[in-house]
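Work through the exercises below with the sequence and the model in view. Each task is followed by a solution in steps.

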Amino acid sequence: MADALNDTLHGALNDTPDDNPTAPVTRTVRPRPGLPLTLTLTESGPRGGRTALVLHGGSGPDSVRGIAAHLARRMRVVVPTHPGWNGTERPDWFTGIGDMAAAYLDLLRDEGHRDVLVVGSSLGGWTGAEMAVRDEGGLITGLVLVNSVGVAVPGEPIRDIFGLEPREIPAYSFHDPARFAIDPATVTQEQVAAQKANMATVRALAGDPYMHDPTLLDRLGRVRIPALVLWGESDRIVTPAYGRALAAALPGGRFVTVPEAGHLPHLEQPAASFAALDAYLDVTTA
């Protein structure tokens, strides 16, 4: 969830096959004429038909590369880099998840996307859920939330990653943290600076109230599309009990756990995660 996880992602990404059928292409767009915001998008997969919007969490767009590659076998995939991540610009007025959800809905409308599957990991799941609540045009027809934050669940607090040392975060995030251990000596000063900048963006967008909107859980009842809530059962950032409450708040929600996986199940257990994703798509795609 937090960008401090970037220190651990290199090994995980090396374990994730890049099986995209087409080479990803990156472009920049303004989601709405006159809006002072530029989005960086990486696209892959066949044009035409359904679109998947894949939203990363605090760990950045590389953390959802495997999901994008898998989905690109069957649909067009768009992966935004959230404003403020990886050196991209975040305007001063862009201060919350609501701003991000509104920008991506503008993008979908402006570019004529219909029948959109939104897949969000962690903070990206929060954004996707907020998009689904606000989607009055019916553009979004499927929602997948992977170990998502964003709601307040009594008795299931979200782990305060700002109170953890960077070296502590993997222990709460992964089922097998040793598998993704990175030697600190191999981390460059440029990487450290980028991680600090990304963490500052996380704090600006989701730090107060911490990693949730107090109203979102009740508003999820408006979301009538089929929703898969996919959860690594060893997650200690947001627990499976938190995920079950999130799924229960969605009228079309289904909760599925991934064994031997933590906060990023698609990195630790890609085969099981993608099997659950495919089963959801097979049932819900007309």
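**Exercise 1: A buried aspartate**

The backbone nitrogen of Val-238 is 3.5 Å from a polar atom of the Asp-235 side chain, a polar contact (N or O atoms within 3.5 Å, one able to donate a hydrogen and the other to accept it; residues adjacent in sequence count only if both atoms are side-chain atoms). The model is predicted: local features need pLDDT of at least 70 and side-chain atom pairs pLDDT 80 or more, while totals for chains, interfaces and linings use all residues. Residues are numbered from 1 along each chain as its sequence is written, and side-chain values use heavy atoms, without hydrogens and water.

Task: Where is Asp-235 found, and what is it in contact with, leaving aside neighbours within four places in sequence?

Solution. 
- Step 1. Asp-235 sits in the loop between β7 and α8; helices (H or I, at least four residues) and strands (E, at least two) are DSSP runs numbered from the N terminus.
- Step 2. Asp-235 counts as buried because its relative accessibility is 3%. The classes are buried (under 20% relative accessible area), exposed (over 50%) and partly exposed in between, with a 1.4 Å probe and protein chains only.
- Step 3. Beyond four places in sequence, Asp-235 is in contact with Asn-147, Tyr-172, Pro-240, Ala-261, Gly-262 and His-263; contact means heavy atoms within 4.5 Å.

**Exercise 2: The nonpolar cores**

Task: Which residues of the largest nonpolar core touch the most other members?

Solution. 
- Step 1. A nonpolar core is a set of buried Ala, Val, Leu, Ile, Met, Phe, Trp, Tyr and Cys residues joined through side-chain atoms within 4.5 Å.
- Step 2. The largest core has 58 residues, and Met-131, Met-211 and Leu-220 touch the most other members. Helix α3 (residues 97–110) gives the most to this core, with eight residues.
- Step 3. A second, separate core has 24 residues, including Ala-52, Val-146, Val-258 and Ala-261.

**Exercise 3: The cavity**

Task: Which helix gives the most residues to the lining of the largest cavity?

Solution. 
- Step 1. On a 1 Å grid over the protein atoms alone, a cavity is a set of points where a 1.4 Å probe fits but cannot get out; lining residues have an atom within 4 Å of a point.
- Step 2. One cavity of 30 Å³ or more is found in the whole structure. The largest cavity holds about 60 Å³ of space, where a volume is the space filled by probe spheres set on the points, joined across faces, edges and corners.
- Step 3. The lining includes Val-119, Val-146, His-266 and Phe-274. β6 (140–146) and α10 (270–284) are the elements that give two or more residues.
- Step 4. α10 gives the most, with three residues.

Methods
On a 1 Å grid over the protein atoms alone, a cavity is a set of points where a 1.4 Å probe fits but cannot get out, and a pocket is an open set with protein on both sides within 12 Å along at least five of seven lines; lining residues have an atom within 4 Å of a point.
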